[in-house]
Amino acid sequence: MNPAARQQALLELVTEHAAMALGHDSPRMIAPDRGFLELGFDSLTAVGLRNQLGTVTGLRLPATLLFDYTTSRALAGYLAQELVAEESDASLVLPVLSELKKLESSIAEVVADEAATARLTSRLQQVLAKLTAGQQTETANGGVVADTFESATDDEIFDFLDEELS
């Protein structure tokens, strides 16, 4: 959809679900620029609408959604931004996943040759290490931060922070 059509579709989606949450028969009862609190939303109905919109859009939405985006129009704008961001994330990942599927098919042919399997395994581990490099931070003594915090006591965490920040 072009941006204007997407915005309109999302506005209709928000007003339709807002009307249902409030027990109205028609989304026309929801003025796009009228505040949710003014329309009669409370914490419970706000959570219900957030959950419905999260299910329909597939987005993980914040608990304070209707209090952060106080009108249907503002909320539709937020949803549009989030959906576009998810699309761009998917457009980066999907081609790589496609290539991995092709690679997986090719690997089946190599498995019988032990030397080729060893070389391939080593190379795949190098690629995986690059991919996960930003996800794990090593400590000064070579351990991984996540592992260190997992089993540490409070005193050990403070000692760790002192070592890392000195």
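The model is predicted: local features need pLDDT of at least 70, side-chain atom pairs count only at pLDDT 80 or more, and totals for chains, interfaces and linings use all residues. Residues are numbered from 1 along each chain as its sequence is written, and side-chain values use heavy atoms, with hydrogens and water left out.

**Overall fold**

The protein chain has 8 helices and 0 strands. Helices (H or I, at least four residues) and strands (E, at least two) are DSSP runs, numbered from the N terminus. Of the 166 residues, 23% count as buried. Buried means under 20% relative accessible area, exposed over 50%, and partly exposed in between (1.4 Å probe, protein chains only). The accessible surface comes to about 11,700 Å², and 56% of it belongs to carbon and sulfur atoms. Such areas come from the Shrake-Rupley method with a 1.4 Å probe; for residues, only the protein chains shown count as cover. Contact means heavy atoms within 4.5 Å. Among contacts with a separation of 6 or more, 49% join residues 24 or more positions apart.

**The core**

The largest nonpolar core holds 23 residues. A nonpolar core is a set of buried Ala, Val, Leu, Ile, Met, Phe, Trp, Tyr and Cys residues joined through side-chain atoms within 4.5 Å. Phe-36, Leu-53, Leu-66, Leu-75 and Leu-79 have the most contacts inside this core. Two or more residues each come from H1, H2, helix H3 (43-57), helix H4 (65-68) and helix H5 (72-110). Beyond its neighbours within four places in sequence, Leu-75 touches Val-14, Phe-36, Leu-53, Leu-65, Leu-66 and Tyr-69.

**Aromatic pairs**

The whole structure contains 2 aromatic pairs. Rings of Phe, Tyr and Trp (its six-membered ring) pair if their centres lie within 6.5 Å; planes under 30 degrees apart count as stacked, over 60 as edge-to-face and the rest as tilted.

| Pair | Centre to centre | Angle between planes | Type |
|---|---|---|---|
| Phe-36 and Phe-41 | 5.3 Å | 85° | edge-to-face |
| Tyr-69 and Tyr-78 | 4.3 Å | 25° | stacked |

Phe-36 is buried, at 2% relative accessible area. Phe-41 is buried too, at 5%. In the other pair, Tyr-78 is buried at 10%, whereas Tyr-69 is partly exposed at 26%.

**Helix H3**

H3 has 15 residues and reaches 21 Å from first C-alpha to last, close to the 21 Å expected at 1.5 Å a residue. That expected span is 1.5 Å times one less than the number of residues. Its buried residues include Thr-45, Leu-49, Arg-50 and Leu-53. Asp-42 caps the N-terminal end of H3, with a side-chain oxygen 3.1 Å from the backbone nitrogen of Leu-44. After H3 comes Gly-58, whose phi is positive, near 80°.

Ser-72 is in helix H5. It is buried, at 0% relative accessibility. Ser-72 and Ala-18 lie 54 residues apart in sequence, yet 8.2 Å apart C-alpha to C-alpha. Leaving aside neighbours within four places in sequence, contacts of Ser-72 include Leu-11, Val-14, Ile-30, Pro-32 and Phe-36.

Ser-26 sits in the loop between helix H1 (3-22) and helix H2 (36-39). Ser-26 also counts as buried, at 15% relative accessibility. A polar atom of its side chain lies 3.0 Å from the backbone nitrogen of Arg-28.

Notes. Polar contact = N/O pair within 3.5 Å; in protein donor to acceptor, adjacent residues only side chain to side chain.
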